[in-house]
Amino acid sequence: MLNLVVLSGAGISAESGLKTFRDAGGLWEGHDVMQVASPEGWAANPKLVLEFYNQRRRAALEAMPNLGHTVLAQLEEDFEVTVITQNVDELHERAGSSKVVHLHGKLSEARSSVDESLIYPLEGKDIQWGDLCDKGSQLRPNIVWFGEMVPMIEVAARITEKADIFIVVGTSMAVYPAASLIDFVRHDVPVYVVDPSTPMIRHNPNITFIRDKATTGLKTVAQELREKFH
Ligand code: OAD
């Protein structure tokens with residue numbers, strides 16, 4: 001089976017009711033992104049950061065996967081699919097995708113604020129101020145913040161190099177190193193970009209832009225892939 005690799009971003013979850021980042025005009029649910037998604041923000045006001053992610057977690061749990069997530073899961077019948085996502089919700093998994101790489105962490109996990117290898121499943125619970133890791137330090141969300149390393153980027157780059165088909169969906173391609181994954185796609189590989197607006201991707205003859213929402217746009221791509229490659 002051909003390797004189909006998908007790079008997804010906030011736009012794929014938009015039709016599930018979860019807001020994207022850059023469509024909100026620099027504010028994210030009323031907050032300056034650096035206040036709630038950076039080590040500096042955490043140092044300045046950890047309680048605000050915890051509450052912010054507790055709210056995001058509740059919203060993600062209440063949301064349902066949409067047809068875009070489902071179409072990607074169903075493509076596993078015909079392709080070897082790996083989803084590389086920048087999203088911290090788990091709507092891909094909940095729609096049935098079996099191989100999902102989370103570049104920016106997961107809302108469903110907490111981690112130690114002194115040792116990034118100490119990770120704890122939250123099972124839907126909030127992280128409270130005073131919840132400690134085994135080393136006695138405050139728990140924080142297991143989310144990659146601005147200015148932090150992206151440990152999964154190497155794994156994602158190796159997967160991307162093996163892609164026979166590459167889909168970019170619902171990401172502005174504004175955040176690095178995630179956006180640099182497109183440079184690891186082999187030159188002869190067809191790339192489909194599904195987004196109602198125009199992500200920051202250098203045009204090349206192998207790229208097909210589908211200026212549509214994830215639900216309908218991915219349906220169009222899936223149909224074309226089945227006709228062309230199956
Ligand atoms: P952005 O908010 O930057 O981009 C969302 C993209 O989705 C835009 O290109 C929109 O046009 C598109 N979009 C909106 N509605 C859509 C729909 N219904 N279907 C398809 N596309 C739609 O989000 P990301 O690129 O995911 O990082 O942002 C990357 C990272 O920046 C995030 O992972 C997050 C953020 O800061 C961290 O939290 C570390």
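Biologist: What should I know about the model before we start?

Modeller: It is predicted, so local features need pLDDT of at least 70 and side-chain atom pairs count only at pLDDT 80 or more, while totals for chains, interfaces and linings use all residues. Residues are numbered from 1 along each chain as its sequence is written, and side-chain values use heavy atoms, with hydrogens and water left out.

Biologist: OK, rings. How many aromatic pairs are there?

Modeller: Three. Rings of Phe, Tyr and Trp (its six-membered ring) pair if their centres lie within 6.5 Å; planes under 30 degrees apart are stacked, over 60 edge-to-face, and the rest tilted.

Biologist: What kind of pair do W42 and W145 make?

Modeller: The ring centres of W42 and W145 are 5.7 Å apart and the planes are at 40°, so this pair is tilted.

Biologist: Where do those two sit in the chain?

Modeller: W42 is in helix 2 (residues 39-44), and W145 is in the loop between strand 8 (139-143) and helix 6 (153-161). The pair therefore ties together parts that are 103 residues apart in sequence. Helices (H or I, at least four residues) and strands (E, at least two) are DSSP runs, numbered from the N terminus.

Biologist: Are W42 and W145 buried or exposed?

Modeller: W42 is buried, at 13% relative accessible area. W145 is buried too, at 2%. Buried means under 20% relative accessible area, exposed over 50%, and partly exposed in between (1.4 Å probe, protein chains only).

Biologist: And what about F52 and Y53?

Modeller: Their ring centres are 5.1 Å apart with planes at 90°, so that pair is edge-to-face. F52 and Y53 are both buried. W42, F52, Y53 and W145 form one aromatic cluster.

Biologist: Which charged end sits over the ring of W145?

Modeller: That of R140, 3.7 Å from the ring centre. R56 lies over the face of F52, at 4.7 Å from the ring centre. The rule is NZ of Lys or CZ of Arg within 6 Å of the ring centre and within 35 degrees of the ring normal.

Biologist: Which polar side-chain atoms lie by oxygen atoms of the ligand?

Modeller: One of D195 lies 2.6 Å from a ligand oxygen atom. One of H104 lies 2.8 Å from a ligand oxygen atom.

Biologist: Last one, the backbone. Where is the cis peptide bond?

Modeller: It joins Y176 and P177, with omega about 10°. P177 is in the loop between strand 9 (165-169) and strand 10 (191-194). Most peptide bonds are trans.

Biologist: What is phi for M173?

Modeller: About 60°, a positive value although M173 is not a glycine. M173 lies in the loop between strand 9 and strand 10 and is buried, at 2% relative accessible area.

Biologist: And E123, buried or exposed?

Modeller: Exposed, at 68% relative accessibility. E123 also has a positive phi, near 50°.

Definitions and conventions
A polar contact is a pair of N or O atoms within 3.5 Å; within protein, one must be able to donate a hydrogen and the other to accept it, and residues adjacent in sequence count only if both atoms are side-chain atoms.
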